[in-house]
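Student: Can we walk through this one? I'd like the ground rules first.

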Amino acid sequence: MLEEAKLTVGKVAERCGIKVSALHFYEEKGLIRSWRNQGNQRRYKADVLRRVSVIKAAQKMGVSLQEIKDAFATLPNNRTPDTKDWDKLASHWRESLNDRIQYLEKLRDYLSGCIGCGCLSLKKCPIYNKDDELAKFGSGPVILETKRV
Ligand code: FES
């Protein structure tokens, strides 16, 4: 394996457009793997570039690192995802992605008038919470997470 692992951490970071610290973090989380050369320096196999690309794309979709790690673990021998694997992973995440899109659209629609406003007007503000009546529905941004609004 070490013979195939020739890329330095700096080269991988440059090729992937991320910081070296991010690579160390991914490795610490078990998302990527490196080997040590005789000088005890990290070396990566070329497929790490694809693996990091999948991680970045999934993160942009809002998928957590744990979800990505769990998905990688479903691949035979924890291999780097190929195109078919990526399709499978993406379809698995599609439902949660649709939920996120719906949430963001709602957030955009409800907050578009409020951004930069701050009036919390009784008459027109969609996020005004009279007498804290939304508290009975739970904690957090209840108004955005329920179908009530
Ligand atoms: S803060 Fe003014 S409309 Fe919501």
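Tutor: Contact here means heavy atoms within 4.5 Å. This is a predicted model: local features need pLDDT of at least 70, side-chain atom pairs count only at pLDDT 80 or more, and totals for chains, interfaces and linings use all residues. Residues are numbered from 1 along each chain as its sequence is written, and side-chain values use heavy atoms, with hydrogens and water left out.

Student: Good. What does M61 touch, not counting residues up to four places away in sequence?

Tutor: M61 touches W86, W93, L97 and R100.

Student: And where does M61 lie?

Tutor: In the loop between α3 (48–60) and α4 (65–73). Helices are DSSP runs of H or I, at least four residues, numbered from the N terminus.

Student: How far apart are M61 and S96?

Tutor: They are 9.2 Å apart in space, C-alpha to C-alpha. In sequence, M61 and S96 are 35 residues apart.

Student: Is M61 buried or exposed?

Tutor: M61 counts as buried, because its relative accessibility is 18%. Buried means under 20% relative accessible area, exposed over 50%, partly exposed in between (1.4 Å probe, protein chains only).

Student: New topic: D85. Which helix is D85 in?

Tutor: D85 lies in helix α5. D85 has 6% relative accessibility, so D85 counts as buried.

Student: What is D85 in contact with, leaving aside neighbours within four places in sequence?

Tutor: L75, R79 and T80.

Student: Last one. Where is Y128?

Tutor: Y128 sits in the loop between α5 (83–111) and α6 (142–145). Y128 has a relative accessible area of 31%, so Y128 is partly exposed.

Technical notes. Helix = DSSP H or I, 4+ residues; strand = E, 2+ residues; numbered from the N terminus.
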